[in-house]
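My notes follow in the order I took them.

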Amino acid sequence: MTLLQLEYFTVLSKVMHYAKAAEMLHISQPNLSYAIGELEKELGVKLFERNGRSIKLTKYGLHFAHYAEESLNQLNKGRAALGSLHETKDPISVAFIDEVGYDFLPDLIRSFHSTHPSVPLTLHQNHNSIIVPRLLSGEYDIAFTIECADHPELEPVPILEQEMTLFVPTDHRLAKRSSITLSDIGLDPVIMLSKNTGIRKIVDSMCAEARVTFNVLAEAEEFNAAAAYVGSGLAVCILPRTPLHTKYRAVAVPISHPIRKRSICLLYAKKNLSNPSVRSFRDHVLTFFPHAEL
């Protein structure tokens, strides 16, 4: 029994006319008659019988018609499923440091999906110290990090620079200043990021250069928590200038001494570019940040 025999039988069982069925199937009437005859031989029963000039299904034909049509339907569903599997791409695993998720990442993901709707993404927020080893192990495909890691297997691409600012409550005594130095902070309570963050490394280097020691109220594990403390009026914090500042009752005051900027890098294992989806995402990021250069 062949697939063509099932298709021929199903069409003929609906139109009940050899000439019309042959025309619909784009075959000759003798070929249709031969295919149905061979099917009947294999099944050992008559599927059709003459009724004057027309034909009708026998009781065996009526019974078989249900199974033939159901079989063809299942095969068509299988074809459709295989087509979907072929079109679906493997997800890209994208890692990012916390503050990127409140900055450009949502707009970037939205624009990528508008041009690559069939490429799924999985997003992973983590510290830089965790992201880099997982890129090397293959757990992450591509990442946004605070440092351009120096490793022969990784390709770093600086995409954005942000100035370090003093984040203060809107009613703070320094809120209306055009700029400050670290010594202007004095004994005001300060929120510090934890030691395993890139921001903390920058702030520690600033303090060492300015030779100041802060009155540390608490340490926060991530950018957003520190910003929330400032917005509540509890303390001040040194943070890079991002759109996150506008979400809290706080202002970002420029720091004139010592001046620091932090870079956001796109980072990926070079071997991952063999994956067309990863390459497409990399290229989209470079388009999104036109000043970035490989």
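The model is predicted.

**Entry 1: V100**

I looked up V100 and found it in the loop between β3 (92-96) and α5 (105-115). Is V100 buried or exposed? Its relative accessible area is 1%, so I noted V100 as buried. Next I listed its contacts, leaving out residues up to four places away in sequence. V100 touches L105, P106, F144 and I264. I followed up F144. It sits 44 residues from V100 along the chain, yet the two C-alpha atoms are separated by 7.5 Å.

**Entry 2: the cores**

F144 came up again when I turned to the nonpolar cores. The largest has 70 residues. F144 is among those with the most contacts inside it, as are I159, L166, L182, F214, I238 and F281. Which strand gives this core its largest share? Strand β6 (residues 154-169) does, with seven residues. I then took I238 and set aside its neighbours within four places in sequence. I238 is in contact with M164, T165, L166, L182, I199, V203, M206, F214 and I255. A second core of 21 residues is separate and includes V11, L12, L47 and L72. For context, I wrote down that nonpolar side chains tend to be buried together in soluble globular proteins.

**Entry 3: Q162**

I stayed in strand β6, where Q162 lies. Q162 has a relative accessible area of 5%, under the 20% cut-off, and therefore counts as buried. What do its polar atoms meet? I found two side-chain partners for Q162, D103 and R262. The polar contact with D103 is 2.8 Å. The one with R262 is 2.6 Å. Beyond four places in sequence, Q162 touches D103, P240, R241, T242, R260, K261, R262 and I264. I264 was also on my list for V100.

**Entry 4: R200**

I moved to helix α7 (residues 198-210), which holds R200. R200 is at 9% relative accessibility, so this arginine counts as buried. I checked its side chain for a polar partner. A polar atom there lies 2.8 Å from the backbone oxygen of L193. Not counting residues up to four places away in sequence, R200 touches M192, L193, S194, K195 and E219.

**Entry 5: S137**

I wanted an exposed residue as well. S137 is in helix α6 (residues 128-137). With a relative accessible area of 54%, S137 is exposed. Its side chain reaches the backbone oxygen of R134 at 3.1 Å. I also took a distance from S137 to A65. They are 72 residues apart in sequence and 56 Å apart in space, C-alpha to C-alpha.

**Entry 6: α2 against α3**

Last, I checked a helix pair. How do helix α2 (residues 18-25) and helix α3 (residues 29-43) pack? Their angle is about 100°, and their axes are 9 Å apart. The two helices are therefore roughly perpendicular to each other. From α2, the contact uses Y18, A19, A21, A22 and L25. From α3, Q29, L32, S33 and I36 take part. I sorted these residues by class and got seven nonpolar, two polar and no charged.

Methods: Residues are numbered from 1 along each chain as its sequence is written. This is a predicted model: local features need pLDDT of at least 70, side-chain atom pairs count only at pLDDT 80 or more; totals for chains, interfaces and linings use all residues. Side-chain values use heavy atoms; hydrogens and water are left out. Axes are lines fitted to C-alpha atoms, for helices over the stretch in contact, and angles run from 0 to 180 degrees between N-to-C directions. Helices (H or I, at least four residues) and strands (E, at least two) are DSSP runs, numbered from the N terminus. Angles under 35 degrees count as roughly parallel, over 145 as roughly antiparallel, 65 to 115 as roughly perpendicular and the rest as oblique. Contact means heavy atoms within 4.5 Å. Ala, Val, Leu, Ile, Met, Phe, Trp, Tyr, Cys and Pro count as nonpolar, Asp, Glu, Lys and Arg as charged, and the others, Gly among them, as polar. A nonpolar core is a set of buried Ala, Val, Leu, Ile, Met, Phe, Trp, Tyr and Cys residues joined through side-chain atoms within 4.5 Å. Buried means under 20% relative accessible area, exposed over 50%, partly exposed in between (1.4 Å probe, protein chains only). A polar contact is a pair of N or O atoms within 3.5 Å; within protein, one must be able to donate a hydrogen and the other to accept it, and residues adjacent in sequence count only if both atoms are side-chain atoms.
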